[in-house]
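Here are some notes for a colleague who is opening this entry for the first time. Please keep the sequence and the model side by side while reading.

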Amino acid sequence: MKTYNNLYSQLISYENLEKAFKKAKKRKSSKHYVIEFESKLKENLTSLRNGLENCTYAPKPLKRFTIRDPKTRIIHASAFRDRLVHHALCNIIEPIFEKTFIYDSYANRKGKGVHSAIKRFDYFKRKISINGSQLNNTNYENMVIGYVLKADIKHYFDTIDHAILIKIINRTIKDENVIGLIKQILNQYYFQFEGKGMPLGNLTSQFFANLYLNDLDYFVKHKLKAKYYMRYVDDFVILHNSKEVLIEYKDKINKYLNNLKLELHPNKSKIIPLYKGINFLGFNVFYYHKLLKKSNIRRFKRKLHHRSIELAVGDLNYDDFINGMQGWLGYAMWANTHNLRKTIAEKIKD
């Protein structure tokens, strides 16, 4: 395995920090803290660079707030200048680890994402059902053969072990300053036990969460030889035409996860007949159609309401408002939502 050293000088270069600033301010250009930082951009970036170079940089305390979407989530947001550091770090290390990810890992990767994952799921379901072959003695078109192991990890973000994550990173990254910065970021937060957990909402948390389960991907693909496997953060599926095989996979995966100090969620990890529909990435996926979850639609309508208020009072510019709404409409188009999207599009125009 190729290893990398002497990365820190690239990470803290003015050019990389400036690039990080542009990424961090995306869709937030009207926020007061972005305007304030940008008003003295060169001075602020130079100060941040000096702190990183002299090892006097220290992340500010995380800001905690609660969202309900619909279930309650505790979000811990970093200060804007710390978000720049997260982007600067990911600018350097993400391309290195990207080469190690399997094809069917879809979260937080260029050219992947929810749409690509749903398309891949459609491909998998056709393969394992032999293009929609029906179960015997049924006339209902969705009663196709095949099963899905739908699983996720219990309390995933809160139980990620820092020491194991650093060990995974250290196989490839040998630069002590980069490792030290990563430890600083991780040590900002822990859930119930010191040395465990990452905050929802941080760019680095998203990247590390993907990396942490990369070993699981290799285990499933190369040890279990599961052909129709795909993962989106801790939400993963395996499709097969044998329920018994999936039962065996599930047991072996749960045992393997002990190595990462994780376990499958007992209530959310199930083997489901394909014809019953699979709840995956906000969609209820049946063989011949897809539906958006009702909670997903309610959440978007709340978001539309709040964003409309932000636009009206000047806390959000029009381009960012439209881009955000069009992003959701592009997501929703993957389900049977023609009338819903038409109604929302008309409201946005008004």
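1. Helix H3 (32-39), helix H4 (41-53) and helix H5 (80-98) each supply at least two residues to the lining of the second largest pocket. Helices here are DSSP runs of H or I with at least four residues, strands are runs of E with at least two, and both are numbered from the N terminus. The model is predicted, with local features needing pLDDT of at least 70 and side-chain atom pairs counting only at pLDDT 80 or more, while totals for chains, interfaces and linings use all residues. Residues are numbered from 1 along each chain as its sequence is written, and side-chain values use heavy atoms, without hydrogens and water.

2. The volume of the second largest pocket is about 320 Å³. Of its 15 lining residues, Phe37, Asn44, Lys60, Phe80 and Arg81 are the closest to the centre. A pocket is an open set of points on a 1 Å grid over the protein atoms alone, with protein on both sides within 12 Å along at least five of seven lines; a cavity is a set where a 1.4 Å probe fits but cannot get out; lining residues have an atom within 4 Å of a point. Grid points are joined across faces, edges and corners, and a volume is the space filled by probe spheres set on the points.

3. H4 gives the largest share of that pocket's lining, five residues. In H4, Leu41, Leu45, Leu48, Gly51 and Leu52 are buried. They lie on the same side of H4, because they cover an arc of only 125 degrees around the axis, taken from the directions from the helix axis to the C-beta atoms. On the other side of H4, Lys42 and Glu43 are exposed. Buried means under 20% relative accessible area, exposed over 50%, and partly exposed in between (1.4 Å probe, protein chains only).

4. Where is valine 144? Valine 144 is in the loop between helix H6 (113-128) and strand E3 (147-152). Valine 144 is buried, with a relative accessible area of 1%. From C-alpha to C-alpha, valine 144 and asparagine 131 are 8.9 Å apart in space, and they are 13 residues apart in sequence.

5. The whole structure has one cavity of 30 Å³ or more. The largest cavity has a volume of about 50 Å³, and its lining consists of Ile185, Leu186, Gly197, Met198, Pro199, Asn202, Thr204 and Ser205. Helix H9 (176-186) and helix H10 (203-212) each supply at least two of the lining residues.
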